[in-house]
Amino acid sequence: NIEMKGTEHDRMKFTTIDEFLDMNEPFVPALKLAFHHATFGSYLKLPKAIRTWEQDRVHGAAFLARQAVNLAASEAHTTSTTTTDDDTTKEQNNINNDDDKISTALSIAMLRPSMVPIANVMNEFDRRVIQHGEDPSKVRDDLLQSLDDEGERCVELGVETVLIYYEKRHQPQTLEVNPLPFSDTAECFVVGTFSRSSTLKSILGRVLQTASSLTHTTKVKVVCSQSTPGDEGILLASDIPDATYLPDKSFQQSIKEGKIDLVLVGADCVLLPEGEKKGVVVNKVGTAALAECCKRSDVPIVCCADRWKLWEDDDPPGLEDIFELVGCEMLDHVLVPS
């Protein structure tokens, strides 16, 4: 047993969460901040617009990161218009005014910790606006432009990679498989997807457009895994021309039967391998089982992510219950523009 005397540890008491959050007496430094991180910001006092954004479970990280930037900028403008004093403005930009002051941007970052682009852009917004006093509108515009630019670089790399696989397999005689139930011909290059991603939507839309302009007789078809829970694959299928979806089990069965030529997935976070450290990807639950199915069936699976999704820490971020870790070794390619 360890006995501690003569320190603040002698004075411990049980409190309710509400009592703890209202406490003003000194205690362990940054304890409230750690609490809010551990509870994914559930107890933070936040505007309704931010809480509504937090509940979105159908859009991907890139889409939600853009919305987060706009929300942070809007809140910064709302508070700054009430005063012209710089110090007071900085104080008002902290929604939760306790000993561990948390800015609006950092509060937003806590809400969806598995979606690393949100954390990365919010940290940058906080650094520039709260710490250095830059104009929120300019920071917003800069960050949105950077998200667009990095997203476009990722899309270009993804399109290039898909078309390489397409060129290798476009000849009809190389496709010795039965047509999928929704195909009108066996002469198809079938790309499968999982979950919903604005990045994948852009990649596949551009691939379809490019393939249609080529002289090859092989068509490109897109089939989405339903992606339960949440059924985001159904939504993605509605986003892409002539795409369809299959229940998750049927989707994996099609992979096993050689009816899908390539699987494309996005990512919410990427930790690249470095030295002895193995790389991992954070994505929707079900991605790991899908990757394993692809490996066993010798079907390539490619992950596409932009640089805002890179996580520089040694350990993965906090995992929400709809996300999981996938080892980079389970994926044929993890495409991140250099």
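This is a predicted model: local features need pLDDT of at least 70, side-chain atom pairs count only at pLDDT 80 or more; totals for chains, interfaces and linings use all residues.
**Stop 1: helix H7**

Select residues 116-131, which make up helix H7. The helix has 16 residues, and at 1.5 Å a residue it should span 22 Å. The C-alpha atoms at its ends are 21 Å apart, which agrees with that expectation.

Now colour the helix by accessibility. Twelve of the 16 residues in H7 are buried, so the helix is mostly covered. Among the buried residues are Val116, Pro117, Ile118 and Ala119. Phe125, Asp126, Val129 and Ile130 are also on the buried list.

Step just past the end of H7 and select Gly133. The phi of Gly133 is positive there, at about 70 degrees.

**Stop 2**

Are the two partners buried or partly exposed? Arg128 counts as buried because its relative accessibility is 12%, under the 20% cut-off. Glu134 is partly exposed, with a relative accessible area of 29%.

**Stop 3**

Select Arg66 and Asp148. Their side chains meet in a salt bridge at 2.5 Å, N to O. Arg66 belongs to helix H4 (residues 61-80) and Asp148 to helix H8 (residues 136-169), so this pair links distant parts of the chain, 82 residues apart. Both ends have some accessible area: Arg66 is partly exposed at 29% relative accessibility, and Asp148 is partly exposed at 37%.

In general, side chains of opposite charge can pair when their charged atoms come close. Over the whole structure, a search finds 14 salt bridges.

**Stop 4**

Select Lys259 and Glu257. A salt bridge joins their side chains, with N to O at 2.9 Å. Lys259 is buried, at a relative accessible area of 17%, whereas Glu257 is partly exposed at 40%.

For a set of linked bridges, select Arg128, Glu134, Lys138 and Asp142. Salt bridges with shared partners join these four residues into one network.

**Stop 3: the loop between S4 and H10**

Move to the loop that runs between strand S4 (219-225) and helix H10 (232-239), where Pro229 lies. Which kind of peptide bond joins Thr228 and Pro229? The bond is cis, with omega at about -5 degrees.

Next, select Ser227, which is in the loop between S4 and H10. Ser227 is not a glycine, yet its phi is positive, at about 70 degrees. Its relative accessible area is 0%, so Ser227 is buried.

Then select Asp231, also placed in the loop between S4 and H10. Asp231 is another residue other than glycine with a positive phi, near 55 degrees. With a relative accessible area of 28%, Asp231 is partly exposed.

**Stop 4: a negative patch**

Select Glu274, Glu312, Asp313, Asp314 and Asp315, which form a negative surface patch. Centre the view on Asp313, in the loop between strand S9 (301-304) and strand S10 (323-327). Asp313 is partly exposed, with a relative accessible area of 41%.

Technical notes
Residues are numbered from 1 along each chain as its sequence is written. Side-chain values use heavy atoms; hydrogens and water are left out. Helices (H or I, at least four residues) and strands (E, at least two) are DSSP runs, numbered from the N terminus. The expected span of a helix is 1.5 Å times one less than its number of residues. Buried means under 20% relative accessible area, exposed over 50%, partly exposed in between (1.4 Å probe, protein chains only). Patches are made of residues with over 30% relative accessible area and no salt bridge: like charges are joined within 9 Å, nonpolar side chains (Val, Leu, Ile, Met, Phe, Trp, Tyr) within 5 Å. Accessible areas come from the Shrake-Rupley method with a 1.4 Å probe; for residues, only the protein chains shown count as cover. Lys and Arg count as positive and Asp and Glu as negative; His and the chain ends are not counted. The place of a charge is taken as NZ of Lys, CZ of Arg, CG of Asp or CD of Glu.
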